[in-house]
Structures are given as structure tokens and as C-alpha cells.
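Please work through each task before reading its solution.

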Amino acid sequence: MARPRIHDAELRTRLLEAAAETVANQGVDSLSLRKLAAAQSTSTTAIYSLFGGRAELLVALFATSFASFGDSQRRVPVTGDPEVDLRELAAAYRDWALRNPHLYAVMFGGVLGSIDVADEAQRADAAMDPLRAAVSSAVAAGTMSGASVELISHSFWAIVHGLVSLELAMPSTSDDDETRRAMFDAGTESVLRGWSRQ
């Protein structure tokens with residue numbers, strides 16, 4: 001009979017999700033491998049086997065957060081109309097963040113403190129490639145102008161990020177979901193109009 005696998009991908013995912021929630025809600029100093037292992041009905045040996053240690057777990061958490069976000073951006077279909085694509089990328093950004101607030105906090109909330117994630121900078125930057133590609137297409141088509149692709153992309157990201165961060169920080173009820181979406185769409189439209197060629 002084959003020996004059961006206990007240090008598998010499913011356990012790794014559960015550990016990362018639980019770590020993200022702890023770090024986002026209580027801060028990085030509250031993350032205890034012993035408590036994390038107990039909460040997931042496993043052992044610290046499993047964590048060391050899967051990640052190598054606490055610091056490596058946190059780096060993996062950062063990398064996984066950006067990988068998930070990047071995948072959601074890359075799943076947005078390219079229509080051939082850059083402005084449509086930019087609106088859809090913005091909507092996908094918001095939807096992912098609202099579904100994954102703990103991962104969003106790991107990415108952008110400064111919750112990892114002094115953990116060195118420099119080796120993952122390229123992965124984080126690559127998550128914005130679909131945005132840069134859409135802006136590049138708009139500039140090439142002549143529908144956006146006034147600055148470099150990088151500057152336009154950064155300003156678009158800054159507006160979307162700001163709107164999403166404010167939404168996550170504000171208490172909400174199901175009654176105002178439509179209002180929040182309308183405000184987000186208006187903000188997205190304003191930055192699109194700001195860079196549109198007149």
C-alpha cells in the first residue's frame with residue numbers, strides 16, 4: 001500500500017491562505033508556525049518541508065499573492081479595443097481584490113514588514129504586463145497620448161489601486177454594492193478620459 005502524501009499541494013495552499021489571513025488581520029509578528037500548523041491539523045515539520053521556514057513561508061505568500069493576481073489579469077480577454085480591455089482589466093482587478101482581501105493586503109498593505117521579497121520583484125512587476133500591453137496598444141492606435149506607456153500605465157494602476165483600497169477599507173452592506181461599483185467605474189472612466197487623445 002502506498003504511503004499517504006501529507007505534505008502536498010492542497011496542504012500548501014491551506015497553509016498559505018491561513019497565513020495570509022493571520023498576517024493581514026494581526027500583523028506579521030503574530031504568525032507562529034506552531035499555531036499555524038495546529039490550526040491546519042498538521043505539524044511544523046510539514047511547514048518546514050513545504051517552505052523551509054517562517055521567512056520562506058512569507059516570501060512564498062508574497063509570490064503566491066502576485067501569481068494569483070497576475071493570473072486573473074492575464075485571463076482577461078484581449079478584444080482588440082484597448083479601452084474595452086482597460087475597463088475589463090480594471091474590473092478584474094477590483095473583483096480579484098474583493099474576493100482576496102488578505103492576499104491584497106499581503107501585496108500592497110505593507111504587512112510583511114522587513115521580510116525581503118526582492119527576489120520576487122520580477123513576478124510582481126509581471127503581474128502588470130496585461131495593463132502595459134493594453135496601454136501600449138492604445139498608444140499605438142492613437143487613442144491615448146501625452147506620456148510614455150509606463151507613465152500612463154502607472155497612473156491608471158494608481159487610480160484603480162486607490163479606488164479598490166478605499167473600498168476595502170470602508171465598511172459596506174449589500175445595499176451599496178451597486179453604488180460602489182458605479183463609483184469605481186466612474187473613477188476608471190476618468191483616468192481613461194484623461195489620457196484619451198482629444
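**Exercise 1.** Determine whether Arg132 is buried or exposed.

*Solution.* Step 1: Arg132 is located in helix H8 (residues 129–141); a helix is a DSSP run of H or I of at least four residues, numbered from the N terminus. Step 2: buried means under 20% relative accessible area, exposed over 50%, and partly exposed in between (1.4 Å probe, protein chains only). Step 3: the relative accessibility of Arg132 is 15%, so Arg132 counts as buried.

The model is predicted: local features need pLDDT of at least 70, side-chain atom pairs count only at pLDDT 80 or more, and totals for chains, interfaces and linings use all residues. Residues are numbered from 1 along each chain as its sequence is written, and side-chain values use heavy atoms, leaving out hydrogens and water.

**Exercise 2.** Classify Gln122 as buried or exposed.

*Solution.* Step 1: Gln122 belongs to helix H7 (residues 121–126). Step 2: its relative accessibility is 67%, and therefore Gln122 counts as exposed.

**Exercise 3.** State which residues Arg132 contacts, leaving aside neighbours within four places in sequence.

*Solution.* Step 1: contact means heavy atoms within 4.5 Å. Step 2: the partners of Arg132, with those neighbours left aside, are Asp125, Ala126, Val149, Glu150 and Ser153.

**Exercise 4.** State which residues Leu86 touches, not counting residues up to four places away in sequence.

*Solution.* With those residues not counted, Leu86 touches Leu131, Ala134, Val135, Met144, Phe156 and Leu192.

Methods: Helix = DSSP H or I, 4+ residues; strand = E, 2+ residues; numbered from the N terminus.
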